[in-house]
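Here is a short tour of the model below. We begin with a single residue and then widen the view to whole chains.

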Amino acid sequence: MEQKKVIEKISNEYGIKKIKFKKIENQQFKVKINKKEIINFLTYLKNIGFWQLSLITAVDWIDNNQFEIVYNLVSWELEQHIIVKTFIPRENPRITSIINIWPVAKYYEWDVNEYFGVVFDGNPNNGKELFLENWDDKPPMRKDFDPLNYSKEKFPEKEYKNFRMKRKREVIE
Amino acid sequence: MKEVKLFHGPNHPGMHGNFSVHLTVDGDTVKKAKPNPGMLHRGFEKLMERRLWMSNIALIPRVCVPEPDINETVYSMAVEKIEELEVPERAKYLRVIILELARIAVHMMSIGGIGGPTGVYTAPNWALNERDMILDIFEKITGHRIYHMYIVPGGVRQDINEEILEFIENTINDIESRLKDYYEIIFESPIIHKRLKGTAPLTKEQALDWGVTGPGLRSTGVKYDVRKKFPYLVYDKLDFDIPIAEESDAYTRLYLKYLEVKQSIKIIRQVLSDIPKGKVRNKLMGTALKWKIKEGEAYGKVESSRGEFGYYIVSTGGRYPYRIQVRGASYPQGLYGIEAGLPGTRLEDVSIWLDTMGVCSPEVDR
Amino acid sequence: MYTKKLMEKIKNIIRGHSLFMLHYCTGCGAIELPPTMTSRFDMERLGIAPMATPRQADILLITGYLSAKTLRRVIYTYEQMQSPKWVVGFGSCTINGGIYYDSYSTINELDLYLPVDLYLAGCMPRPEAIINGFERLIEKIENGDADGWKHYKQNREWYKKNQKQALGDSLYTTR
Amino acid sequence: MDKPKSNFFAPFKGIKYMIQKPVTIRVPEEEREAQKRYRGFHTNDWEECIGCGTCADICPTDAINMEKVPDYDAPEGEKDERPVIDYGRCCFCGFCVDICTTGSLKMSKDYIYMDEDADTFLYIPDEEGLNKNYPKEGYERNEDTDLLDLERIAMRYTKSKKRKDSFLEYVKGFSKEEAKREAARCVECGICTDRCPAHMDIPEYINTIWDDNLEEGVEWMYETNPLPNICGRVCTHKCEDVCTISHRGEPIAIRWLKRYIVDNAPEDVYEEVVLSNVSKEGEGSIAIIGAGPAGLSAAYYLRTIGYDVDIYEKEELAGGVMRYGIPRYRLPDEAIDKDILFIEKIGVNIHRNTKVGKDIKFSKLREKHDVVFISTGFMEPRHLKIKGSDHPDVVAAMDFLPKVRDFVRDKKQMPEVAEKVVVIGGGDVAYDVGRSVARLQNIKYGKVDVTLTALEKKEDLPAGEDEIQEGKEEGLEIYPASGPVEIIIENDEIKGLKTAECIALFDDKGNFNPKLNKDNTEIHEASQVFISIGQAPNYDYLPDNIKEELEFKGPQIKINEKTHQTSMDWLFAGGDIVNGPDIINGVADGHNAAKAIDDYIRSNK
């Protein structure tokens, strides 16, 4: 289906008229949604054909003191990709889990929880370790975490011994 | 009987890659499974934020080791979407050549990989040679066997000449001439039939619930292929079929890969005859040290050998990406799929399950 | 005395000619091992074959980067292996962190945690380089120069200290 | 989908391969050469490499470090560093080869290296290669892989037809888009900074254009140069001669980018930046004689430290050679005014029309101020002593150029120009004269007839390349390698200039002593001759007792290079009367003198 028609359909059926869609390319568009609306909106999208949840991710907007939670949905029937975004505050970040809509969201949310520290209410794995082991610093994907410093402290770099810069050969007179 | 906890991997001959599954078994039957990823975690997404748009090209192929080119392509495509950068037609064809060759290489590797859990060691000895011949092509085109760093935003790094085109043609002819032997020696082999037929079944509902894509989903009858539904590069101009099956088991999934190899050869043939002349790269403004990408975000996706592979890129208009998230193609089956799908499987089939579902640990861990 | 030395020499020659490589893929370099093992480059010509279990293996190949999480497993694995045993560092990452030098989850210098007998340059080394590397290792074993495992035994304290720095005090348990 | 059926005999079908050639490559007995484009270990040609460090900047793995080469004095345009590659980091992407500014760094086909000692993996690339076997060349950069932008953005000029009778500025300046494109080519190596006499932070201010942050650009500029409007137009741009991009392409238009920043930074921002530099730390007062580049530069930096500064300028307008020497079509008054305005705004007093020795006594300056800084420049013409050079129609450049500027500025009387003119000299000033004369001729007669005669050969004319090119467009004819012999005068009127072929400029000892071949002469018809063979200083403002105490070397004053003092500790000197030869050197000299004066005053308290 054409993007315009899909957008029209969503705007008409979903009720809230004010949603602003923005085209990224012919088969991809994005939309910003209020945090409270997110469950309803995603449920609706799944019902109209966006069956596949491609990805849940987060972006740390440290200057605005916000986290952006991004849901990527694909419909191979409508042949459209939609990016749904919502913003939550950076202090004590919480958002409702969507594992009841898409079971696979359990791991995407766990991922975001581990790397950003965002708590998904309803997900049983909040605070547990998945990828990392014995992690002892702030969530690593946050913007204020510096991986190089951490690496230097924990995993020392090699110091090359016996190295002496020498002139390899007489450079032209 | 008493339940026993078993660590399947990371050092296990049936494990492809550095990945571990915690199994709770009752006798030979798996009762509970918990994936334990992260052995290959390198924090790619964080590292990319610290590197220039160009320098990232060196980093990203390492996200998925067996099939690095999809990373370069999808990163470049997402960047091109944000920057609205045109790619020359010839470069698109060249990218298709690389991607399809890579698909053949990976499928060959998974056909060979089935030798591990089943004990049919003919398979790896044959199939990996096939893969190596493709690596020879890669070395000729890009200058390296595994990590090509060939596809960059705006096109590809180097043009190829007639000699290389001919070399590709000869190699795929050579591979195709042996495909019949694969059919007979591997797919008609009674051992493979005994071990794979009916093993590790997957229903359509399961596949949709877990979010499986690629051959896994197609083997349950859903005809979803990014190349057809969200055409990129020049796939809409090429003539090829998407093989699908109705009932999914380990054998079907493996056989689908074999059929896809045939389709890939067909695609490469078309590309070799259709490839237009012209330049291969549109560069961004200035030197690579100063490249900037416009403000915005985009999700680039391609059909990898294991399904939909995507990069979500956010740029704030600077010299470094603001945020990149990798959507590994085997992320759904590699994590949630294991938890939901493995219980009920017999212990000796766990390796087969992981192998034919195409769990690629580096892209899950990132 | 002489007979002991002679015996050692003969033992070394025999050891060098039947090496079992632990089949453990720790990083991306592992992708070049299948061609090396199978028909194209066929490392069995040199008497090297993959082995599934650490207790029967002689060579531990660290194929590239090691995340801290893997390092813990690799240390268990190494300590399970029977002496004499050899470690081969594979590619840039094992020497000085490689492309992941600034990663929060991968180690930089393998030599701090395990004794390495041979390093191969490249990212990643080609099968040719691997086979040449194995030849060199065999040579070293025959000459009795490859004694990393002795070094590990003698300097256990030092290695343990480094391992603890990277993995925390709970070296053998996870939280 | 039809699935294959199980067949008991299927596996045996592989038996036919028993009689075929095995696929195994028997490494190490069998050596396999890498493919043509293979990215193996690096090689580096030390003669070509200039140590710019661009490879280290692009490296995704931080594998390349620039290390100083001991006992190596790098020539101009080169750094004394060379890359060192850490194969414990390198990922063989080849970006360093793609971006190498000189093409010295290459990759070989060599790919096997192993060692038990990890310390041997740090490698100083040279032609021998890592295995010391002079490997074959592998990966090569080409146009597609190149990561530099080699083509300069063309500057837009007024066409020669339009500009030939106009004194309006003919260089139009970059638009925003053009400036950004040009700025994006810079690789930030900093070799230009080393070369610039004033050591301007060129990469930093170019970067501000790319980042759309001109305010910071102005800040960077005023760090080292308080006359950016002027230097952005008429600087001799030594920096561009050494630009690393020029090894394979066209150098970055550093001068025009500087001009872009000052022309386009918003006025209020500009003022804020300049004014905020002033501190109130220093106590003392300084007299500066001469408001030329050195004087103004010294005044600005002394004032920013907090000193009271008075400049005494004998002319009606400040600016010295910039105001009265350089023609207006190259340097409009607005640019000079803008720079001087800001210098005055921060509190520098410029006493115009005040000639020291006449309007104010030198001894009084000495009383009023703690320190006197002289920077009066070379404003007097140097005379040529040949037959006929005392004719009134023989005009010196430094007498003529101020008149032209006065004419253009106030529409005063037009200076006399004849229909046929010869200019003796081949430097920038000679071209200034020639092109000014051409414009005046166009206004007066509607056609151009200007001939330049230079001692130097065509390839080493001292004038800038664009000057020569643009002069040609405007109708100037140049006769290189011809030395003046005689100005032919008939009936008290000039008929022409007789020149002889110049064989050598210097004698055996290396002193300037042109040798002329009197057998090969030429006569250039003209009724007016301009002489532009250099300028001289004028020290008549200095009282005799001070002049006696000063030390001279030729026409210039000898100073202590570190402290900028003359033989009297309170008297400092700078600019052309000490160093020369162009504006940017004057600015640098003024800045250094300011620092020296500051040190002197502080140490005396």
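Let us start with Arg328(D), which sits in the loop between helix H13 (321–324) and helix H14 (333–345) of chain D. Helices here are DSSP runs of H or I with at least four residues, strands are E runs of at least two, and both are numbered from the N terminus. This is a predicted model, in which local features need pLDDT of at least 70, side-chain atom pairs count only at pLDDT 80 or more, and totals for chains, interfaces and linings use all residues. Residues are numbered from 1 along each chain as its sequence is written, chains are lettered from A and ligands numbered from 1 in the order in which they are written, and side-chain values use heavy atoms, with hydrogens and water left out.

Is Arg328(D) buried or exposed? Arg328(D) counts as buried because its relative accessible area is 17%, and buried means under 20%, exposed over 50% and partly exposed in between (1.4 Å probe, protein chains only). Beyond its neighbours within four places in sequence, Arg328(D) is in contact (heavy atoms within 4.5 Å) with Phe167(D), Asp333(D), Glu334(D), Arg405(D), Val408(D) and Arg409(D).

Another residue to look at is Asn442(D), placed in helix H17 (residues 428–444) of chain D. Asn442(D) is buried because its relative accessibility is 10%. Setting aside residues up to four places away in sequence, Asn442(D) touches Lys164(D), Asp165(D), Lys447(D) and Val448(D).

Now turn to helix H6 (residues 202–210) of chain D, which is mostly covered, with eight of its nine residues buried. Those buried residues are Ile202(D), Pro203(D), Tyr205(D), Ile206(D), Asn207(D), Thr208(D), Ile209(D) and Trp210(D). What do the buried residues of H6(D) pack against? Their partners are helix H4 (176–183), helix H5 (191–195), helix H7 (214–224), helix H9 (238–242) and helix H10 (254–264) of chain D. After H6(D) comes Asp212(D), which has a positive phi near 60°.

Stepping back, here are two chains in outline.

| Chain | Secondary structure | C-alpha span along principal axes |
|---|---|---|
| Chain A | four helices and seven strands | about 80 × 45 × 30 Å |
| Chain D | 20 helices and 23 strands | about 120 × 65 × 60 Å |

In chain D, 57% of the 605 residues count as buried. Among its contacts with a separation of 6 or more, 72% join residues 24 or more positions apart. The mean positions of its 81 positive and 115 negative charges are 4 Å apart; Lys and Arg count as positive and Asp and Glu as negative, while His and the chain ends are not counted.

The elements of chain A run α-β-β-α-β-β-β-β-α-β-α from the N terminus on. Its radius of gyration is 23 Å, whereas a compact globule of 173 residues would have one near 16 Å; the radius is taken over C-alpha atoms, and the globule rule is 2.2 Å times the number of residues to the power 0.38. Of the 173 residues in chain A, 57% are buried.

Finally, the unreviewed UniProt entry places the feature "domain: NADH:ubiquinone oxidoreductase-like 20kDa subunit" at residues 25–135 of chain C. Over that stretch of chain C, 29% is helix and 14% is strand, and the end C-alpha atoms are 21 Å apart.

Technical notes
UniProt positions are given in the numbering used here, feature names are shortened, and annotations may be inferred rather than shown by experiment. The place of a charge is taken as NZ of Lys, CZ of Arg, CG of Asp or CD of Glu.
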